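This report looks at how two parts of one chain meet, and at what lies where they touch.

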Amino acid sequence: MLDLLIVLGKIAILVGCLLGGAAFLTWVERKQSAAMQDRIGPNRADIFGFTLWGLFHPIADGIKMLVKEDLRPRFADPYIFPIAPLLAFFPAMVAFAVIPWGGTLKFGAEPDLLLIPLQLADLNVGILFIFAVASISVYGVILGGWSSANKWSLLGGMRGASQMLSYEVSMGLSAMGIFMIYETMSLAKIAQAQGDLFFGFIPAWGIVLQPAAFVLFMVAAIAETKRVPFDLPESESELIAGYFLEYSGMKFGLFFMGEFIEIIVAGSIITTLFLGSYQIPYLGPEGLQIPGLELWAMGPNFIAILQCMAFLVKTAAMVFLLQSIRWTLPRFRYDQLMKLGWKVLFPLAIANLLVTAILCLLLT
Amino acid sequence: METGTVGAFLEPGEKEGDFILNMGPQHPATHGVLRVILRTEGENVVDCDSDIGYLHRGQEKTAENLPYVEFTPYTDRLDYIAAPAMNLTWVEACERLLQLEVPERAKYIRVIIAELTRLASHLLWLGTHAMDIGALTLFLYCFREREMVLDLFEGFGGARLTTHIFRVGGLPNDLPKGWLEDLEAFLDLFPSRLSDYHKLLTKNRIWLRRTKGIGVVTADECVDWGLSGPLIRGSGIALDLRRKQPYEIYDRLDFDIPTQEEGDVYARYLVRMEEMNQSLRILRQCVDQLPSGPFIGKVPKRLKAPKGELYHATESPRGEFGFYIYSDGGTQPARVKIRAPSFINLQALPVLIRGALLADVVAVIGSIDIVLGEVDR
């Protein structure tokens with residue numbers, strides 16, 4: 001009973017964080033772009049005269065999407081058209097289930113010791129589960145594009161499908177180096193392994209061991225989340241809005257939210273694999289142990305909360321970086337995007353894998 | 001033509017996967033109400049046809065029914081991005097037809113306004129062109145600077161977009177107090193902003209990939225199609241009416257005509273960027289040389305043109321913009337023909353998008369820099 005409650009509690013926290021985070025990100029994106037473009041940004045929505053730096057805008061947007069008329073184009077497929085946004089939205093949410101977001105909380109003493117790992121499910125296939133689930137969201141894109149019965153949407157759906165498939169390959173290959181080094185696919189174990197130190201002072205983070213893979217994964221992740229310079233499926237100046245052109249109301253809202261959740265998931269995967277997950281350098285199970293200094297003892301729950309915050313900060317930093325690229329670069333052309341994916345990223349990912357494999361073999 | 005096929009100029013081809021894509025008149029990258037019908041094979045564009053006239057207001061006919069002076073505000077609505085350039089051409093054409101003298105000071109101020117117009121127009125082009133290719137931030141930067149130019153227009157003539165800023169015979173008023181200081185503040189600020197744009201785009205690798213070798217038009221084709229403005233200068237022909245048939249005081253000013261040989265989207269980008277620089281040079285010279293004196297010459301109350309005809313063209317930001325006026329000796333023109341550079345440049349669209357991809361069509365339309373008010377008239 002207690003186990004079930006704990007799991008439900010974790011689900012509630014995750015869903016709340018993801019949905020709230022996605023709504024918050026719409027505000028971040030608008031304020032960030034405003035700052036970069038020398039504008040003020042959203043500042044008008046208010047409750048009793050309090051604007052709170054425009055933070056009510058996401059709420060207003062949410063209400064707008066829920067109450068807006070939900071239009072279905074006359075020639076759209078009546079069954080697939082409503083399903084597509086769900087297919088784009090839920091995989092992004094589900095992917096977060098296997099990501100560890102903190103150490104272990106400890107309550108009580110032996111024999112009723114209650115351990116709560118801050119992760120919903122520690123699957124032994126870990127990252128493979130994420131890739132598997134993420135690839136379902138391709139269906140959302142292509143079915144949405146096809147069922148709208150609009151040529152622009154169709155083009156957007158086609159672009160989206162081929163782009164996501166191409167970049168998933170390099171993404172998977174660049175993550176493979178990480179599995180080789182930590183010899184596991186479980187994200188919890190990868191996260192634990194990144195708490196170790198090399199030569200007693202360098203944190204064993206993925207970015208230290210696999211710098212090339214980090215860059216490749218970053219690029220592929222931006223392409224996966226369909227953001228500039230890889231926003232071809234929805235490029236507004238060419239395809240108007242791409243695959244979700246015909247969607248309105250909450251169906252559009254699901255595509256929109258799904259995209260922001262994808263960014264959060266991408267940021268947290270990068271954090272988990274390359275930026276030491278929830279690990280804080282020199283913070284061990286007993287407390288802070290900086291080499292050459294005395295141990296600064298801390299309680300296990302305090303450490304777990306600190307780790308949770310560290311994960312949040314790292315993910316937020318990655319998300320901020322992923323978002324800011326949008327306001328900096330022009331967009332690739334379709335053939336150039338494919339060339340980059342298959343002729344540059346793919347060979348580089350394989351080369352990285354090969355070098356990693358040889359080094360692993362030589363060092364063990 | 002049957003109702004179902006109105007505007008369907010292109011028939012779908014025999015090949016599989018070959019379809020007709022209707023781009024516009026409501027499309028974010030057609031800059032107004034241009035409708036382009038594309039025949040594509042997947043992403044490759046095979047053929048295209050453009051459908052214009054959604055903004056047709058019968059400007060030429062309107063001119064026949066108005067006294068010469070009263071048509072000036074209508075010219076604002078031709079190329080509404082560069083309204084002063086339209087005003088300038090019309091008032092100059094009228095002055096030549098009616099043989100009116102324009103004071104020196106007015107000529108200088110006209111050139112100042114005309115070059116500011118070129119800046120404002122090129123800024124809008126740069127912003128939208130960059131946005132079409134995906135660089136969103138530059139759009140806002142360009143608008144920030146364009147706003148300063150529009151403020152100058154407002155300070156001088158009272159209006160920002162449809163300016164009606166010149167009068168037949170001179171200007172509506174002299175420069176207001178402090179206007180020249182504002183102008184100089186802008187001239188001091190703008191070069192640094194221009195170099196910011198260069199930093200964002202000129203060597204950006206994605207930008208280069210998206211613009212180099214795209215939409216190529218050779219010098220011969222430019223002449224054949226009658227293209228003008230940055231399009232022809234981007235293909236290596238240094239044709240600029242400010243130099244070739246100097247009007248106002250352009251023969252006294254020192255400026256270069258930037259050209260590029262490649263004739264692609266990137267060449268036209270470089271040409272326009274350098275033109276902004278040259279406009280700054282012209283503006284500085286005008287400010288330094290500005291004489292004092294009256295701002296409007298002697299204009300009779302009732303303007304009656306002698307019998308005859310006249311073609312007068314100026315270099316608008318988009319190319320050779322001209323009015324052909326035929327007068328039968330009355331107070332109103334008997335016939336007015338407008339040579340609109342956007343209209344003539346747009347004709348070459350099928351040439352420019354040979355072998356292009358869908359995304360290139362957007363880049364090419366942006367690089368022609370059309371304004372539909374002028375295309376449709």
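## Contact between the domains

In this predicted model, 22 residues of domain 1 of chain A are in contact with 26 residues of domain 2 of chain A. The domain assignment places domain 1 at residues 1-67 and domain 2 at residues 71-363 of chain A, and the centres of the two domains, taken over C-alpha atoms, are separated by 21 Å.

The area buried between domain 1 and domain 2 of chain A comes to about 2,300 Å², and carbon and sulfur atoms give 80% of this area.

## Polar and charged pairs

Between domain 1 and domain 2 of chain A the count is one salt bridge. A salt bridge joins the side chains of Glu29(A) and Arg326(A), with an N to O distance of 3.1 Å, which is inside the 4 Å limit that defines such a pair. Polar contact between the two domains of chain A is counted for three residue pairs, with both residues of each pair at pLDDT 80 or more.

## The domain 1 side

On the side of domain 1 of chain A that touches domain 2 of chain A, helix 1 (2-36) and helix 2 (57-67) each supply at least two residues. Helix 1 of chain A gives the most to this side, with 19 residues.

Sorted by class, the side of domain 1 of chain A that touches domain 2 of chain A holds 15 nonpolar residues, together with five polar and two charged ones.

Conventions. Residues are numbered from 1 along each chain as its sequence is written. Chains are lettered from A and ligands numbered from 1 in the order in which they are written. This is a predicted model: local features need pLDDT of at least 70, side-chain atom pairs count only at pLDDT 80 or more; totals for chains, interfaces and linings use all residues. Side-chain values use heavy atoms; hydrogens and water are left out. Domain bounds come from an automatic or database domain assignment. Contact means heavy atoms within 4.5 Å. Buried area is the accessible area (1.4 Å probe) that two parts lose on being put together, summed over both. A polar contact is a pair of N or O atoms within 3.5 Å; within protein, one must be able to donate a hydrogen and the other to accept it, and residues adjacent in sequence count only if both atoms are side-chain atoms. Helices (H or I, at least four residues) and strands (E, at least two) are DSSP runs, numbered from the N terminus. Ala, Val, Leu, Ile, Met, Phe, Trp, Tyr, Cys and Pro count as nonpolar, Asp, Glu, Lys and Arg as charged, and the others, Gly among them, as polar.
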